[in-house]
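Visitor: Before we look, I would like to ask on what grounds the terms used for this model are applied. Please set each value against its cut-off as we go.

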Protein chains: 2
Amino acid sequence: MVSVSVPQKGKPRFPTQTPKGSPKYQNFETKTSHAKRSPAHAQDHIMAERKRREKLSQSFIALAALVPGLKKMDKASVLGDAIEYVKELKERLTVLEEQSKKTRAESIVVLNKPDLSGDNDSSSCDESIDADSVSDSLFEVESRVSGKEMLLKIHCQKQRGLLVKLLAEIQSNHLFVANSSVLPFGNSILDITIVAQMGESYNLTTKELAKNLRVAALKILS
Amino acid sequence: MVSVSVPQKGKPRFPTQTPKGSPKYQNFETKTSHAKRSPAHAQDHIMAERKRREKLSQSFIALAALVPGLKKMDKASVLGDAIEYVKELKERLTVLEEQSKKTRAESIVVLNKPDLSGDNDSSSCDESIDADSVSDSLFEVESRVSGKEMLLKIHCQKQRGLLVKLLAEIQSNHLFVANSSVLPFGNSILDITIVAQMGESYNLTTKELAKNLRVAALKILS
DNA sequence: GATTACACGTGATGC
DNA sequence: TGCATCACGTGTAAT
């Protein structure tokens, strides 16, 4: 229950308006040791401090409004819960961002042609597959994701038994083939297009999947 | 209610440890109007207040540590920047969550065009598409040439009569279809792969061909 | 009564 | 010089 502070009569919890007129009379005669201050200055000081406090209180209220599930409206509780909330938000954000990286943003990966769109992955460009050994053999993988379906395009050299091998590898990666097309192109090229259902436990990046497929395809050539 | 304050010694900004030992002696003799308090109680009160303040200050520090790019360590600034930061985190989270929902559940994820503003209804059919989404409509063309064959890949929105229109356009561009595959992908995406023989008089660039195909496809939506 | 929390006035300090 | 910020002690409610 996030309730705003109830208006008090005697002592407002969060004073919306300052009293402004407080007829306080300083004890002007007791200048004990140090000449303290000019009365006008003292009043200015008081007012400034009031303003500062009110600003802080308003910020507290504003912060409390952003934190869901606040039980106590304590300053300490507001701060503490806000701290935990920020931590939680950060955590969720990093998780989601990581997940998003895996599926969406760079879900088009073309092997053997890294210079397709100039879109360079700065963070996880670690596994640069040794394209040297297979630079002569054509093998490109491209994938797109829509919902729980994946569209997989493989453009490669025609090899005997390649399709079965690829389909087996796909299935062992928790991708279940729903539709496929194999088009011969030229003399020695196959253009394979596959629509597959992504299993619940599928969690590979496109790059990882492409690597697996390529490795599977390379085993035939040995 | 002019409170007499005792002079303090140090003034730590964020006191890490409380002084604990302040030998303050109240003016016990002046019970002006109200018998104020027992001295021991007063000391307890002071200590409790100190503890509370320190707790708050520590929370301020902890909160400030979570907010990146903090310039001022003001209490007001910490609160204000924390508020803005929480808002920003929330915003980014909702955006990412929405995006994730769209990717996992249904709808279309347009690759290579991450900035989709069109919020399309997932359940409804694709017969009512306003002009805004038309211009952003997914339509990607990719072509490869091997000898006198062309491999043509078209990734686009599913439209009634689209395939015939495309094939007609292809043929009118001196490309003669030898093989074709049309795979539905998701609810409203078609992935078309075509192998065509390039006629003798074919002399278009890929870009021109893609443009012709796109224009032909757009005519259906009118 | 004891504990907790708050706003207030105030002196000190740094810019 | 002010001006802003701070921690402090204190009175006062509410729990």
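Guide: Between chain B and chain A of this predicted model, the count is six salt bridges.

Visitor: What makes the meeting of A:Arg92 and B:Glu97 a salt bridge?

Guide: The side chains of A:Arg92 and B:Glu97 meet at 3.1 Å, taken from N to O. The term asks for a side-chain nitrogen of Lys or Arg within 4 Å of a carboxyl oxygen of Asp or Glu, so the pair A:Arg92 and B:Glu97, at 3.1 Å, is called a salt bridge.

Visitor: How many residue pairs are in polar contact across the interface, and which elements of chain B give two or more residues to the side that touches chain A?

Guide: The rule finds 12 residue pairs in polar contact across the interface of chain B and chain A, both residues being at pLDDT 80 or more. On the side of chain B that touches chain A, two or more residues come from each of helix 1 (39-66), helix 2 (75-104), strand 1 (139-146), strand 2 (149-157), strand 3 (175-185) and strand 4 (189-198) of chain B. Helix 2 of chain B gives the most, with 17 residues. In total, 49 residues of chain B are in contact with 47 residues of chain A, and the two chains bury about 4900 Å² between them, 69% of it on carbon and sulfur atoms.

Visitor: Why is B:Leu163 called partly exposed?

Guide: B:Leu163, found in helix 4 (residues 162-172) of chain B, has a relative accessibility of 28%. Buried means under 20% and exposed over 50%, so B:Leu163, at 28%, counts as partly exposed. Leaving aside neighbours within four places in sequence, B:Leu163 is in contact with B:Val182 and B:Ile192.

Visitor: What puts the buried residues of helix 3 of chain A on the same side?

Guide: The buried residues of helix 3 (residues 162-172) of chain A are A:Leu162, A:Leu166, A:Glu169 and A:Ile170. They cover an arc of only 100 degrees around the axis, and therefore lie on the same side of helix 3 of chain A.

Visitor: How do you know that strand 1 of chain A is largely enclosed by the rest of the structure?

Guide: Eight of the eight residues of strand 1 (residues 139-146) of chain A are buried, so this strand is largely enclosed. Both faces are covered, with A:Phe139, A:Val141, A:Ser143 and A:Val145 buried on one side and A:Glu140, A:Glu142, A:Arg144 and A:Ser146 buried on the other. Eight bridges join strand 1 of chain A to the antiparallel strand 2 (residues 149-157) of chain A, where A:Leu151 is the bridge partner of A:Arg144.

Conventions. Residues numbered from 1 in each chain as written. Chains lettered and ligands numbered in written order. Predicted model: local features only at pLDDT ≥ 70, side-chain atom pairs only at ≥ 80, totals over all residues. Heavy atoms only, no water. Buried < 20%, exposed > 50% of the residue type's maximum accessible area, 1.4 Å probe, protein only. Helix = DSSP H or I, 4+ residues; strand = E, 2+ residues; numbered from the N terminus. Pairing = 2+ DSSP bridges. Contact = heavy atoms within 4.5 Å. Arc of directions from axis to C-beta. Buried area = accessible area lost by both parts, 1.4 Å probe. Polar contact = N/O pair within 3.5 Å; in protein donor to acceptor, adjacent residues only side chain to side chain.
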